[in-house]
Amino acid sequence: MFDLRDPMVPAVARVIRSRHETADVWTLDLELVDAVWPGFSPGQFNMLSVFGVGEAPISFSGEPTDNAHIVHTVRAVGPVSKALCHLKVGDTVGVRGPFGNAWPMDHARGRDVIVVAGGLGLAPVRPVLYRLMADRRSHGRVTLLYGARNPGEILYRHEIEKWRTRLDIDVEVTVDHATADWRGHVGVVTKLIGRARFDPADAVAIVCGPEVMMRFAAKALADSGIPEKEIYLSMERNMKCGIGLCGHCQLGPLFICRDGPVFTQDRLRTLMATKEL
Amino acid sequence: MVAARMFDRFDEARIIGVAGLETMIGELGARGHAVVGPVRRDGAIVLEPIESVVDLPRGWVDEQTPGRYRLKRDGDSWFAPVVGPQSWKQFLHPPRQKLWTVRKSDAGATIEPEPLATEKYAFIGVRACEIAAIAVQDRVFMQGPYVDPNYAARRANAFIVAVNCSRAASTCFCPSMKTGPRATAGYDLALTELSGGDDARFLIEIGSAAGQSLVEALPTHPATKADIEAAAAIVAATEASISRTIDTGDLPELLKAEPDHPRWDDVAARCLNCANCTMACPTCFCTTVVDESALDGASASRSQRWDSCFTGDFSHVHGGAVRQTPKARYRQWMTHKLSTWHDQFAMSGCVGCGRCIVWCPVGIDITEEAAALRRAV
């Protein structure tokens, strides 16, 4: 896409659509101005720049077969993500990527797949769900367990409701704090794992969310019998380059950007258990 | 041991004098190199452009101990002071460099990358530990999945004149890291100062075709067996004078296995989190980026700057820094240097130059910390 001779130089993209998802979350559809987008694999990320503000790593959350649009879901939490969320249609952004490794989509073929997402962690696994549904017959049982803080923060709500009507996937949604009109589960998402239907000897787990949620989810999945090397987590750290050169995203021996962001639990367990590593 | 493996190309070792060194500096300039060497400034030996042997710190030596660096007059050697506060990363991986500028245009925005680095340096007086450090940064910036094109360009253009150490500082521990005090590879030319003063004689070894070509333009004469033995003896004496050590055996595993060792709290109580060690370290490579907007709003640019794992911002993600405490930051730095660097780059991140010990304002000594972590397990 861009000149690999200088991977620190972004390509220019234009915002062609902006959707307000929840209170502080927006989804942007981008289109490169003067370059061809090579596509991405579910699990990878882009470094997105708001010119004059800065750059941040953001996962892909769109349909992986759609090479015309680059889709990112962003929560307005820091200077760069706030600036990204406030972009209007027609505004320009800088794009470097795609970077990082991917969720184990090929490995998941023929197996049960259990996707566990928390909060905004649903965004990086949405491409996984699109793939699973497009290729449903190649997999065993497919389960999505999703937890949000409250019903108002449920991401992609209309899509989740549509998925729930399907008879070939299990979708369970829980919230930490219910409102009067909430009819679903209440409590942490990890509590749903014990009730999910999968063959632990032949299942792949895909987990994305806040680190503490992933730690508990990975433990619950392992306790249910899924081997740790079949439990995949996507890690988040500060990144300034995305290509293994700036040093910021280290987690022990790992560079999250270069070696990840997707890792199996057998590699992460000790590292995640160490405080402030 | 050192003598036995030294100077295996006897016929290529030659002798050069002060006039020859002067010619070398001029000839490197004539070949398009910006010649950089050790210069005495503000009470320290720094690395700056030089035009003549007159610029070298002749007759000065350094005294280096934990948290202390002083220069004093002693002897008449041209290259007595060993490593100073700066390293060659100052040039190959500069502290600040602009990456690109973006301007408003009809297309919305147009990005103008900075031109590829064209600096063509010649480094005079590169120590064996520093050659090892350059090899470490080569591994980081040029031998991974992505290459830093500016580092690679500067590196390809650089000419390296090594100097084998004829003395060591108290903080040196290169033998422990197997990086010195003799340069065995990675140079174009290597000098050993056999004697100082106006009549100084240097043994010169050739390490590359470019080095060979330069030597052919210089007034030299073949070294005798006695010269070669004298050079070997000088480096052997330097090595013998180094008493600071670090036991690297099983240290990578030990550091990883002990994230909650009480010694981390002990060192954290002394560490100021000032980041001096990371700035002075010749292998520390971390950077951040800074975006700046023009006042008229028509353009913005991004620059890359050295960063340090001792700062709060370094590990910041939404919600705060991953490494909140001084303990976590020191542990990250030292564990990275001596342990996880091996996992990442199949080599040590420490070359034993001792800069982090000298330039630590409170004199924290990485060799002492490693020994303490080993002892009290």
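These exercises, each with a worked solution, walk through a predicted model.

## Exercise 1: The interface of chain A and chain B

Work out how many residues each chain brings to the contact, and how much area is buried between chain A and chain B.

*Solution.* 

Step 1. Start with the residue lists: chain A contributes 40 residues to the contact, and chain B contributes 46 residues.

Step 2. Turn to the area. About 3,600 Å² is buried between chain A and chain B, and carbon and sulfur atoms account for 57% of that area.

Step 3. Sort the chain A side by residue class. The side of chain A that touches chain B holds 20 nonpolar, 10 polar and 10 charged residues.

## Exercise 2: Two domains in chain B

Describe how chain B is divided, and then characterise the contact between domain 1 of chain B and domain 2 of chain B.

*Solution.* 

Step 1. In chain B, domain 1 covers 11-93 + 117-241, while domain 2 covers 251-288 + 305-375.

Step 2. The contact involves 30 residues from domain 1 of chain B and 29 residues from domain 2 of chain B.

Step 3. Take the area. The two domains of chain B bury about 2,400 Å² between them, with 67% of it on carbon and sulfur atoms. On the side of domain 1 of chain B, the residues that lose the most area to domain 2 of chain B are Lys89(B), Val136(B) and Phe173(B), together 24% of what that side buries.

Step 4. Look for charge pairs. Between domain 1 of chain B and domain 2 of chain B the count is 1 salt bridge. Arg355(B) and Glu130(B) form a salt bridge whose closest N and O atoms are 2.4 Å apart.

Step 5. Find the elements involved. Those supplying at least two residues each to the side of domain 1 of chain B that touches domain 2 of chain B include β4 (60-65), β5 (68-73) and α4 (128-142) of chain B. The largest share of that side, 10 residues, belongs to α4(B).

## Exercise 3: Strand order and a hairpin

Determine the order of the 7 strands in the open sheet of chain A, and say which strands stand at the edges.

*Solution.* 

Step 1. Write down the order: β10-β9-β8-β7-β11-β12-β15 (chain A), with mixed pairing.

Step 2. Read the edges. β10 (185-186) and β15 (262-264) of chain A each have a single partner strand, so one side of each lacks a neighbour in the sheet.

Step 3. Check a pair inside the order. β7 (residues 112-118) and β11 (residues 203-208) of chain A run in the parallel sense over 6 bridges, and Ala117(A) is opposite Cys208(A) in β11(A).

Step 4. β4(B) and β5(B) pair in the antiparallel sense over 6 bridges, with Thr65(B) bridging to Arg68(B) in β5(B). β4(B) and β5(B) form a hairpin with 2 residues between them, and Gly67(B) in the turn has a positive phi of about 75°.

## Exercise 4: Backbone checks

Locate the cis peptide bonds at Pro261(A) and Pro181(B), and give the phi of Asp42(B).

*Solution.* 

Step 1. Gly260(A) and Pro261(A) are joined by a cis peptide bond with omega about 15°. Pro261(A) sits in the loop between α6 (256-259) and β15 of chain A.

Step 2. From Gly180(B) to Pro181(B) the peptide bond is cis, with omega near 10°. The loop between α6 and β10 (189-195) of chain B holds Pro181(B).

Step 3. Asp42(B), a residue other than glycine, has a positive phi near 55°. Asp42(B) belongs to the loop between β2 (34-41) and β3 (44-49) of chain B.

Methods. Residues are numbered from 1 along each chain as its sequence is written. Chains are lettered from A and ligands numbered from 1 in the order in which they are written. This is a predicted model: local features need pLDDT of at least 70, side-chain atom pairs count only at pLDDT 80 or more; totals for chains, interfaces and linings use all residues. Side-chain values use heavy atoms; hydrogens and water are left out. Contact means heavy atoms within 4.5 Å. Buried area is the accessible area (1.4 Å probe) that two parts lose on being put together, summed over both. Ala, Val, Leu, Ile, Met, Phe, Trp, Tyr, Cys and Pro count as nonpolar, Asp, Glu, Lys and Arg as charged, and the others, Gly among them, as polar. Domain bounds come from an automatic or database domain assignment. A salt bridge is a side-chain nitrogen of Lys or Arg within 4 Å of a carboxyl oxygen of Asp or Glu. Helices (H or I, at least four residues) and strands (E, at least two) are DSSP runs, numbered from the N terminus. Two strands pair if DSSP finds at least two bridges between them.
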